[in-house]
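Here is a short tour of one protein chain, moving from its overall build to a single residue. Have the sequence and the 3D view at hand as you read.

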Amino acid sequence: MEILVIDAQGGGIGKQVVSAIKKRYPEQRIMAVGTNSAATSAMLKAGADNAATGENAVIVCSRKADVIIGPIGIVIADALYGEITAAMAVAVGQSSAKRILIPVNHCENFVVGVSEIATGGLIEKAVDEVGKLRSGVC
C-alpha cells in the first residue's frame, strides 16, 4: 500500500502523522510531499521513506498513491495560507486513492459538527483508518 502524506506550512501535522504511522506500522513505506521545504524536511525527520516538495510532486504522487493523508485544506484551493494551489487540490480530489483528511479548523475554513478533538487525537484516528485500510476493512 502506497501512503502519501501531504502537508504545508511547517509540516507539523504531517510530521505527527508520519511519526504515528511509523510507530504503529514500522514496515509501512511513506512518501511525504510538502508544499515547501520546511514541511518536507519535518516529515523526513519524522521517518518518511521518500520525500519531495512542490506542486508537481503533489500532482505526480497523488496519481500513484493508494492512500493520501493530510489536513483537510489539501483539497481546498488557496487553503493553508495560500500554499495549496488549485492544481494540487484537484490532483488530490481526483486521485483514485482513499483520502484520510484531518479536520483542522483554521485558515478561513471551518468544518462544523466536528467535535473539538486535540490534534493528537485526530492523528490517532487517522492512523486507525490506515489500520482499517491495511486490513482491507474499508
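With 138 residues, a compact globule would have a radius of gyration near 14 Å, and the protein agrees with this at 13 Å. That radius is taken over C-alpha atoms, and the globule rule is 2.2 Å times the number of residues to the power 0.38. This is a predicted model, in which local features need pLDDT of at least 70 and side-chain atom pairs count only at pLDDT 80 or more, while totals for chains, interfaces and linings use all residues. Residues are numbered from 1 along each chain as its sequence is written, and side-chain values use heavy atoms, leaving out hydrogens and water.

The protein holds six helices and five strands, in the order β-α-β-α-β-α-β-α-α-β-α from the N terminus. Helices (H or I, at least four residues) and strands (E, at least two) are DSSP runs, numbered from the N terminus.

Some whole-chain values:

| Property | Value |
|---|---|
| C-alpha span of the protein along its principal axes | about 35 × 35 × 30 Å |

Is N36 buried or exposed? N36 is buried because its relative accessible area is 18%, and buried means under 20% (1.4 Å probe, protein chains only). Leaving aside residues up to four places away in sequence, N36 touches A8, Q9, T53 and E83, where contact means heavy atoms within 4.5 Å. With Q9, a polar atom of the N36 side chain lies 2.9 Å from the backbone oxygen.

Technical notes: Buried < 20%, exposed > 50% of the residue type's maximum accessible area, 1.4 Å probe, protein only. Polar contact = N/O pair within 3.5 Å; in protein donor to acceptor, adjacent residues only side chain to side chain.
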